[in-house]
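Student: Can we go through this model's cavities, its main pocket and a couple of helix contacts? Let me get it up on screen first.

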Amino acid sequence: MRRREFLHALAAGVGAVWVSKFAQSGGVRRMADRSVVVDTSKSPHAKLRPIPISAVKLRDRFWQPRLIALQEVTIPTQYDLMEQTGRIDNFRRVAGKVGGEFRGLYFNDSDVYKWLEAAAWSLAVQPNEKVTELMDKVIAEIESAQDADGYLNTFFSLERKNQRWTNLRDMHELYCAGHLFQAAIAHHRVTGNDRLLKVAIRFADHIAQVFGWGKKEEPDGHPEIEMALVELFRETGERRYLELAQFFVDVRGHKRIGGSPYLQDHKPFRELDEVTGHAVRALYLNAGATDIYAETGEDALMQALQRMWRNLTEKRMYVTGGCGARYEGEAFGRDYELPNERAYAETCAAIANILWQWRMFLITGEARFIDVLELALFNGALSGIGLDGKSYFYVNPLADRGRHRRQPYFECACCPPNIARLLPMIPSFLYALSDDGVFVNLYAKSEAELTVNGVPVRLRQRTDYPWDGEVTLQMELQKPTTFTLHLRIPSWCERASVTVNGTERHEGRGGEFVTVKREWRSGETVGLSLPMFPEFAVCHPFVEANGGRVALRRGPIVYCLEQVDNPDADVWFVAAKVDSDLTIVPVQIGNLPIVAVQGEGVAAEPSAWNGKLYQPLRKLSIKPLRFTAIPYFAWANRDAGPMTVWVAKG
């Protein structure tokens, strides 16, 4: 695909011509249809089964352009940066192909593995010869760097060989291994090729020889391997991987790596009642424990997970779904500690939030988990990648003076490949299967190929979500089939209506699924109306940073004021008139058509503060104005300037 064609596709919103081109590309190996990210199909304590990424073809103007950009821009440019920064040379060095010293941070291997996972899942969205070639090249370098005993970590493979497994608290060896396992599983499920899976199995078997009760009894300082081992068990059927994952959860919290809440090592997992410490580590640990619950059904695990979910969503999560209040330690703060300008809200933490919420949903079937997933997906995570597909945020503040700008890469480059591996997972989030039917979780113009009660079912979804709340589902079935259709009513929607074939009507409240059970016939349609209007939101009064402030939301999108759209006043000076009408207007940022929100407000004249830190309220000069707010995910893609999510009430 030529660059000019690609940009034209983005500007055009990816119309039918690009759907055709995307579907007709050839010359690439046949993909296996097992592209399931979290495979609960045989998990005895999961209520739902996921669908493959490849089962859903997005045809919308919101996500499909990003998935095209992923293969045409993001994955190739990240590969180039890995080459430039020595991340791939580190593997060549271990294999004796190049000389020199290890380059970069000690956990740089994990960036390569996350990139590989992104590349593999992207091939389930659409075969791509260039991505396949790059992926095969990197896998060959990884294969050649593995030790005879199965160990694989380029930081420790040569001159630090005698330091292996000696500092689990700080050195991320198991964390890197976990990302290798997940990349290998993705590659195997999408391509059917077991090259990388064999590497992962040899390494996992090595770890099983080293760790366990009566062996080395320590957890990793950075959880990640837990969910990777459960998925490796699901992929291979080897129960020892599940038992090893459970060991890593059980051994944590007994102060074997210092006992710090920062490392979630201060108390056993089953006693935890709050999300604490390093945000990514805490949420990855919860995701792994959720996976273990899906296989074991241990009630104490679920009770701890539910307590931490309530603590996160009721006291420690940003309005964007972002997580992590403190720069110090990239960590959660105390309850209601949610600063705006100093928010850390690492992109990886929002992604970790999504991965945990998805697992909680699969085992419970409860809408509240998809509500949080959707919030974090459209806001806290998506803000982490620029509209150009090759610039990134590591930190996602909710207020800024124009100094925080997107970067092409970072020395600690965990976030760019992490958002890259999340994006191709999105098609699989749209639906899930249960014993009684189909769950419709997210809304996007798309086509899904499902099998319900042994009958192939095609669901055509027509909508302009997230910009519009009207959704139509059309059924195509080989024969009449009875099943239940579960339609999620997002929590942001107070009440919604569902119609079947334009007549049969059902009502639903936000935060629940509307269920319609019937014998479905080919050609029948379901209409879902989600009234979508802009509104102001307030937060708990204990959140000190937002006293007397409001945030704008519309549907799943959180909005912000950016200076480039508001030339009449510094956006930090704007106060919104919360009793005035809010209107929506179509605008375009770069090649992205979006819906902006406009409202009435007032602002103090900046000159009133010249030379003053304090002054009488009566002396302030106030002027009326009309402000424009854009989706938070789209900020910092144009000229630098102040930005804020929370604005004063006028």
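**Cavities, pocket and packing**

Student: Okay, second largest cavity: which elements each supply at least two residues of its lining?
Tutor: S15, S16 and strand S20 (622-631) each do. Strands here are DSSP E runs of at least two residues, helices are H or I runs of at least four, and both are numbered from the N terminus. Keep in mind that this is a predicted model, with local features needing pLDDT of at least 70 and side-chain atom pairs pLDDT 80 or more, while totals for chains, interfaces and linings use all residues. Numbering starts from 1 along each chain as its sequence is written, and side-chain values use heavy atoms, without hydrogens or water.

Student: What's its volume, and which residues line it?
Tutor: The second largest cavity is about 50 Å³. Phe536, Val550, Ala551, Leu552, Tyr559, Cys560, Leu561, Phe627, Ala629, Val645 and Val647 line it. A cavity is a set of points on a 1 Å grid over the protein atoms alone where a 1.4 Å probe fits but cannot get out, and lining residues have an atom within 4 Å of a point. Points join across faces, edges and corners, and the volume is the space filled by probe spheres set on them.

Student: How does that lining split by class?
Tutor: Eleven nonpolar, no polar and no charged. Nonpolar covers Ala, Val, Leu, Ile, Met, Phe, Trp, Tyr, Cys and Pro, charged covers Asp, Glu, Lys and Arg, and the others, Gly among them, are polar.

Student: Switching to the largest pocket: how much space is in it, and what's closest to its centre?
Tutor: About 770 Å³. Thr313, Met317, Val319, Leu375 and Arg553 are the closest to its centre, out of 36 lining residues. A pocket is an open set of grid points with protein on both sides within 12 Å along at least five of seven lines. The lining has 21 nonpolar, six polar and nine charged residues.

Student: At what angle do H13 and H15 cross?
Tutor: Roughly 45 degrees, with axes coming within 13 Å. That makes H13 oblique to H15 (under 35 degrees is roughly parallel, over 145 roughly antiparallel, 65 to 115 roughly perpendicular, the rest oblique). Axes are lines fitted to C-alpha atoms over the stretch in contact, with angles from 0 to 180 degrees between N-to-C directions. Gln306, Trp309 and Thr313 of H13 make the contact with Arg368, Phe369 and Val372 of H15 (heavy atoms within 4.5 Å).

Student: And H3 with H6, what angle there?
Tutor: Helix H3 (residues 64-84) and helix H6 (residues 129-145) cross at roughly 25 degrees, axes within 10 Å. H3 is therefore roughly parallel to H6. Gln71, Ile75, Pro76 and Tyr79 of H3 meet Lys130, Val131, Leu134, Lys137 and Val138 of H6, giving six nonpolar, one polar and two charged residues.
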